[in-house]
Amino acid sequence: MTSNRPLRPATQLVHGGTTRSNFGETSEAIYLTQGFVYSSSEAAEARFKGEDPGFIYSRYANPTNDMFEKRMCLMEGAEDARATASGMAAISAALLCQLKAGDHVVAARALFGSCRWVVEKLLPQYGIESTLVDGRELTNFETAIRPNTRVFFLESPTNPTLEVVDIAGVAKLANQIGAKLVVDNVFATPLLQKPLELGAHVVAYSATKHIDGQGRCLGGVILSDKDWIDEHLHDYFRHTGPSLSPFNAWTLLKGLETLPLRVRQQSENAARVADFLADHPAVSRVIYPGRADHPQAEICARQMKGGSTLVAFELKAGKTAAFAMQNALEVVKISNNLGDSKSLITHPATTTHKNLSDEARDELGISPGMVRFSAGIEDAEDLVEDFERALSGL
């Protein structure tokens, strides 16, 4: 879409990056094809040489995927992007494409379980060293720096404890030593936090979460400046094949159209539920970035445009109470997913972070009584009543 004036996010998410065929379709077309036909052998040669712009093979690029990538770039303020088959494909590619044996990664220890596995288990298999630090203190990142440190990696807010890391501060450290900062921005969404504006070099998403937002498909995306994409990600992506299905790209395009509406309602619902839970006698603590009692409230206010769609809270009576409450909920559904239009709840210690050691969970504050609530778009009072009833027997 062309416009003579800058467009606001909600408008970009409906129209941005759209290209139309000669049929002039209203909805974006799905190009379900592996390859493309050339008008001549000379045209094919020119395409492969890069002399003639266009598509070659859907593992490399596809018109539907291209629309999704361009729309995400507009939203994120990035120069270029590559869409991947899942969020973990995005994280793995964002790290591995720029690292080699002998390099060192500093990562915040509060990560999604699969992200910790990549940092702690996968990278060392390729001779890449890693150090996990408590990301709540910027000095911990600085202390962990080695002469071979090439990448900093973090998510903020974190999964599931909703810690917030000073993105601008870590980015400054990265720039001082010529390293790159990769940020997993899933919990904040591009509407509530823009890591590139804060100095991050690479942003990754599981588009499976808020971007789809309706529990339909997997997807991921990596965004950065064009030089980084061309130098590090382009060939890795082309030859290892983590590319997104065009059908899923189309589904995610439809999800982006309603992202502002959903995130606004989800955040309002999360804040309402957090306030209710904070006053409940069965709850020992509530962690929500939009509350004044959040441990990093000052950083939240500085780098986020809103709270979050997620709430972490701890039940005094531990795992037994957490299970009993979850089993008693009617509107809120038990699922390890998040960012959905439906409100979801999970017990991290036995699901998403089950494979961490007991010591690692204790270190992160993932107690047996902790649960993670992902607010949907239901009526907030129905959600509060659901929790009130489920907690009444504890």
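**Exercise 1.** Is phenylalanine 247 buried, partly exposed or exposed? The model is a predicted one.

*Solution.* The relative accessible area of phenylalanine 247 is 41%. Buried means under 20% and exposed over 50%, with partly exposed in between. Phenylalanine 247 is therefore partly exposed. As to its location, the residue lies in helix 10, which covers residues 246–278. Together with Ile30 and Leu32, Phe247 forms a nonpolar patch on the surface, and the accessible area of the three together is about 290 Å².

**Exercise 2.** Determine whether glutamine 266 is buried or exposed, and list its contacts outside the local sequence.

*Solution.* Glutamine 266 is also placed in helix 10. Its relative accessible area is 0%, so glutamine 266 is buried. Once neighbours within four places in sequence are left aside, glutamine 266 is in contact with His210, Ser308, Thr309, Gly339, Asp340, Ser341, Ala375, Gly376 and Ile377.

**Exercise 3.** Classify the aromatic pair of tyrosine 57 and tyrosine 60, then that of phenylalanine 247 and tryptophan 250.

*Solution.* A pair of aromatic rings is described by the distance of the centres and the angle of the planes. The count for this structure comes to 7 aromatic pairs. For tyrosine 57 and tyrosine 60, the centres are 5.7 Å apart and the planes make an angle of 70°, and the pair is edge-to-face. The cut-off for this class is an angle over 60 degrees. Tyrosine 57 is partly exposed at a relative accessible area of 35%, and tyrosine 60 is partly exposed at 23%.

For phenylalanine 247 and tryptophan 250, the distance is 6.1 Å centre to centre and the angle between the planes is 35°, and this pair is tilted. The two residues are 3 residues apart in helix 10, so about one helical turn separates them. Tryptophan 250 is partly exposed, its relative accessible area being 23%.

Two further aromatic features may be noted. The charged end of arginine 238 sits over the ring of tyrosine 60, at 4.0 Å from the ring centre. Phe313, Phe373 and Phe387 form one aromatic cluster.

**Exercise 4.** Describe the salt bridges of arginine 389 with glutamate 330 and with aspartate 386.

*Solution.* The closest N and O atoms of arginine 389 and glutamate 330 are 3.7 Å apart. This pair links distant parts of the chain: arginine 389 in helix 14 (residues 380–391) and glutamate 330 in the loop between helix 12 (318–328) and strand 10 (333–334), 59 residues apart. Glutamate 330 is exposed, because its relative accessible area is 53%, whereas arginine 389 is partly exposed at 35%.

The side chains of aspartate 386 and arginine 389 meet in a salt bridge at 3.0 Å, N to O. Aspartate 386 and arginine 389 are 3 residues apart in helix 14 and therefore separated by about one helical turn. Aspartate 386 counts as buried, at 4% relative accessibility.

Note on methods: Residues numbered from 1 in each chain as written. Predicted model: local features only at pLDDT ≥ 70, side-chain atom pairs only at ≥ 80, totals over all residues. Heavy atoms only, no water. Patch = residues over 30% accessible without salt bridge, like charges linked within 9 Å, V, L, I, M, F, W, Y side chains within 5 Å. Areas by Shrake-Rupley, 256 points an atom, 1.4 Å probe, with all protein chains shown as cover. Salt bridge = Lys/Arg side-chain N within 4 Å of Asp/Glu carboxyl O. Helix = DSSP H or I, 4+ residues; strand = E, 2+ residues; numbered from the N terminus. Buried < 20%, exposed > 50% of the residue type's maximum accessible area, 1.4 Å probe, protein only. Contact = heavy atoms within 4.5 Å. Phe/Tyr/Trp six-rings, centres within 6.5 Å; stacked < 30°, edge-to-face > 60°. Lys NZ or Arg CZ within 6 Å of the ring centre and 35° of its normal.
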